[in-house]
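Please examine the sequence and the three-dimensional model shown below. The explanation after them is written for a reader who meets this structure for the first time.

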Amino acid sequence: ANMADSRTLQRRALVAASIAIAACAAAGLWLTRGHWGAALQLLRQEAERRREEAPGAVAACCVLVVALWVILLIPSTPIEVTIAYLYGLRLGFPLVYLGKVLGCLSAFAIGRSCLRDCCERHVRKTRLLRAVEGAVAKEPLRIAFLSRAAYLPIAFKNYGLAVLDLPWSAFVAALLTVEVWNSLQFALIGSAARSVGGGSGSG
């Protein structure tokens, strides 16, 4: 009984922490609305300066920022384009890809564990998700690929599918395959801007 109570407390603590992080992120987005251009400009300048001092650390931070943005459901396109602008296509694309994959895997795991009850409540309220649930049971791999490739909210692709009992193998196969193009298209935009802007380095 004590072990069960401990697990319940840990689960509640994780849920509370997740909600707090999401609330802080939302508050930050609201407070900085209209200033994304300036914020990204400062981020780019700081990353360029730090990249010479600690290239590995800056690259790792880029991956983690993209992953965190995906987990918190914050639009990551500006960050992805900025990273490709900083590093060019050859280095920017793998950084963006790794960040997206890490973020999606983490979100799927969170949706299947500590936030499962919360996600399930939202799934049951949506007729589309209830319909998809039956399709997932019959053709999990096909639904995984179609969902990942379609222009659907990232919340559905990660948290929604997590509670529809989509097998991990189907989720990972679709993620690793389809996310190549999803990441590449924004990396190409950032790389093109770098070329036009006369950025140094390979791209």
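The paragraphs below treat the nonpolar cores, the aromatic rings, the salt bridges, the cysteines and one leucine in turn.

This is a predicted model, in which local features need pLDDT of at least 70 and side-chain atom pairs count only at pLDDT 80 or more, while totals for chains, interfaces and linings use all residues. Residues are numbered from 1 along each chain as its sequence is written, and side-chain values use heavy atoms, with hydrogens and water left out.

The nonpolar cores come first. A nonpolar core is a set of buried Ala, Val, Leu, Ile, Met, Phe, Trp, Tyr and Cys residues joined through side-chain atoms within 4.5 Å. Buried means under 20% relative accessible area, exposed means over 50%, and partly exposed lies in between (1.4 Å probe, protein chains only). The largest nonpolar core contains 26 residues, and those with the most contacts inside it are Val132, Val136, Leu161, Leu164, Leu166 and Phe171. At least two residues of this core come from each of H4, helix H5 (116–125), helix H6 (127–138), helix H7 (140–149), helix H8 (154–162) and helix H9 (168–197). Helices are DSSP runs of H or I with at least four residues, numbered from the N terminus. The greatest contribution to this core is that of H4, with five residues. A second, separate core has 14 residues, among them Cys62, Ile79, Ile83 and Leu95.

Contact means heavy atoms within 4.5 Å. With neighbours within four places in sequence left aside, Val136 is in contact with Ile143, Leu164, Asp165 and Leu166.

The aromatic rings form the next topic. Rings of Phe, Tyr and Trp (its six-membered ring) pair if their centres lie within 6.5 Å; planes under 30 degrees apart count as stacked, over 60 as edge-to-face and the rest as tilted. By this rule there are four aromatic pairs. One of them is stacked, because the ring centres of Phe108 and Phe171 are 3.9 Å apart and their planes are at 20 degrees. Since Phe108 lies in helix H4 and Phe171 in helix H9, this pair ties together parts that are 63 residues apart in sequence. Both Phe108 and Phe171 are buried, and the relative accessible area of Phe171 is 2%.

How are the rings of Trp168 and Phe171 arranged? Their centres are 6.3 Å apart and their planes are at 85 degrees, so the pair is edge-to-face. Trp168 and Phe171 both belong to helix H9, where they are three residues apart, about one turn of the helix. Trp168 is partly exposed, with a relative accessible area of 37%. Together, Phe108, Trp168 and Phe171 form one aromatic cluster.

Charged side chains provide further links. A salt bridge is a side-chain nitrogen of Lys or Arg within 4 Å of a carboxyl oxygen of Asp or Glu, and by this rule the count is six salt bridges. In one of them, Arg116 pairs with Asp165, the closest N and O atoms being 3.0 Å apart. This pair links distant parts of the chain, since Arg116 is in helix H5 and Asp165 is in the loop between H8 and H9, 49 residues apart. Arg116 counts as buried, at 19% relative accessibility.

Another salt bridge joins Glu80 to Lys100, with the closest N and O atoms 3.5 Å apart. Glu80 is buried at 1% relative accessibility, and Lys100 is buried at 8%. A further salt bridge is formed by the side chains of Arg142 and Glu139 (3.4 Å, N to O). Arg142 is partly exposed, with a relative accessible area of 47%, and Glu139 is partly exposed at 40% relative accessibility. Through salt bridges that share partners, Glu80, Lys100, Arg148 and Glu179 are joined into one network.

The cysteines can be described briefly. A disulfide is a pair of cysteine sulfur atoms within 2.5 Å, and a search of the whole structure finds zero disulfides. Cys61 is in no disulfide, and the nearest cysteine sulfur, that of Cys62, is 7.2 Å away. Cys61 is partly exposed, with a relative accessible area of 46%, whereas Cys114 is buried at 13%.

Leu102 is located in helix H4 (residues 77–112) and is partly exposed, with a relative accessible area of 36%. Not counting residues up to four places away in sequence, Leu102 touches Val63, Leu64 and Ala67. The C-alpha atoms of Leu102 and Leu68 are separated by 8.9 Å, and the two residues are 34 residues apart along the chain.
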